[in-house]
Amino acid sequence: MNMFGARPPNPFARGIGGIGGAATTTKRVRIPSDLDFGVLYLDYIKGRDLLLDLTLSASIRHVDQLRNHPVSSSEHDLYNIPAGSTRLMTGDRKNVLALCGSNKGGRFETADFKFIGDTCSKVEESYQRVDSAFKELTSDEKKYKENATDSTQTPAIKKLLSYRAAYLSDYGALVGFIKTKRKALSEDPPGGDFQIDPEAEMKLASPFPPYLSLLLSKYRMETNPKLAHKDAVADNLARLSAFLAACAVGLVWCGSSEQAALDTLLAACDANAFEAGNTEKLRRRRIFKFLKGMREIKGVPKRE
């Protein structure tokens, strides 16, 4: 039984969405219906030596499956991943953050953002090498099976197998990180149960991350904002973003603890950035976009 219900579309058909040339594959491997198609999939294909029994064309389909991660129904529910996100490309930092539980209140340190950025880049580079090596194979070479006794490894096949092993290794590092973050998220609430109704969860008084609390205190102390009430977080998001951007480019002095908090915020903003550059204007735009999506400050007016 296929976990998707109906047979999923072949991402390699007509050369779309996968590594070129794999559309010639005819053999299909049935994935157990109770298998979480999340990070456990890598464990499954490696634990069963699944790739050894397949042609290279068929094995590359599973590599593509890892890269374009099919989001399971449990992942949608547990980590608040939008229903429209049926596949997440794991070379993208924002997607990895979502798989780690960033939409469910997961906490990240500066070192986490650096690890995600570096590892995503490495994983994507490894994938591109696999892609390039696969396209260099002949039709006969694509039919090669590692377990077949009558097959010969050509130099091109050896190169592909080497690149594929490197990709699985780099991807495995990302999997380990995701598992660690998910475990921490599941253990954070009382009783280890974090399957909470999103609407009810928004009404709970969630504490601010330490770095954000420090930056908000600095903002209130140095700008004396006109707050709507004494418990208000800030007067408006645009002014707060402009102040933090000024701190980021050195226009406002920050102590060591404030700078560390600012670095954490900037790392989070950069992980979701689509524009390159570190000007005050770009910083302000990134910070505003990031803060606007935080549930803790949802009620803050967006503009003056």
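The side chains of D112 and K181 form a salt bridge, with 2.8 Å from N to O. D112 belongs to helix α5 and K181 to helix α6, residues 155-187, so the pair ties together parts that are 69 residues apart in sequence.

I turn next to confidence. The mean pLDDT of the protein is 75, and 72% of its residues reach 70 or more. Helix α5, residues 110-135, has the highest confidence, at a mean of 91, whereas helix α7, residues 198-202, has the lowest, at 36. Two stretches call for caution. Residues 20-27 have a pLDDT below 50, and the model gives this stretch 20 contacts beyond near neighbours in sequence. Over residues 189-207 the pLDDT likewise stays under 50, with 21 contacts beyond four places in sequence. Where pLDDT is low, the predicted coordinates should not be read in detail.

Let me now come to helix packing. Two packed helices are described by the angle between their axes and the distance between the axes.

I begin with helix α5 and its contact with helix α2, residues 56-67. Their axes come within 12 Å and cross at roughly 155 degrees. Angles over 145 degrees count as roughly antiparallel, and α2 is therefore roughly antiparallel to α5. The crossing of these two helices is left-handed. On the α2 side, the residues in contact are L56, S57, I60, V63, D64 and R67; they meet E124, Y127, Q128, V130 and F134 of α5. By class, this contact has six nonpolar, two polar and three charged residues.

The second pair is helix α9, residues 237-248, with helix α11, residues 280-292. Here the axes are 8 Å apart, and the packing angle is about 130 degrees. At that angle, α9 is oblique to α11. In this case the crossing is right-handed. From α9, the contact draws on L237, A238, L240, S241, A242, L244, A245 and A248, and from α11 on E280, R283, R284, I287, F288, L291 and K292. Which classes make up this contact? There are ten nonpolar residues, one polar and four charged.

To close, I return to α5: the helix with the highest confidence in the protein packs against α2 and, through D112, is joined to K181 by a salt bridge.

Methods. Residues are numbered from 1 along each chain as its sequence is written. This is a predicted model: local features need pLDDT of at least 70, side-chain atom pairs count only at pLDDT 80 or more; totals for chains, interfaces and linings use all residues. Side-chain values use heavy atoms; hydrogens and water are left out. Axes are lines fitted to C-alpha atoms, for helices over the stretch in contact, and angles run from 0 to 180 degrees between N-to-C directions. Helices (H or I, at least four residues) and strands (E, at least two) are DSSP runs, numbered from the N terminus. Angles under 35 degrees count as roughly parallel, over 145 as roughly antiparallel, 65 to 115 as roughly perpendicular and the rest as oblique. A crossing is left-handed if the near helix is turned anticlockwise from the far one by less than a right angle, and right-handed if clockwise. Contact means heavy atoms within 4.5 Å. Ala, Val, Leu, Ile, Met, Phe, Trp, Tyr, Cys and Pro count as nonpolar, Asp, Glu, Lys and Arg as charged, and the others, Gly among them, as polar. pLDDT is the predictor's confidence in each residue, from 0 to 100. A salt bridge is a side-chain nitrogen of Lys or Arg within 4 Å of a carboxyl oxygen of Asp or Glu.
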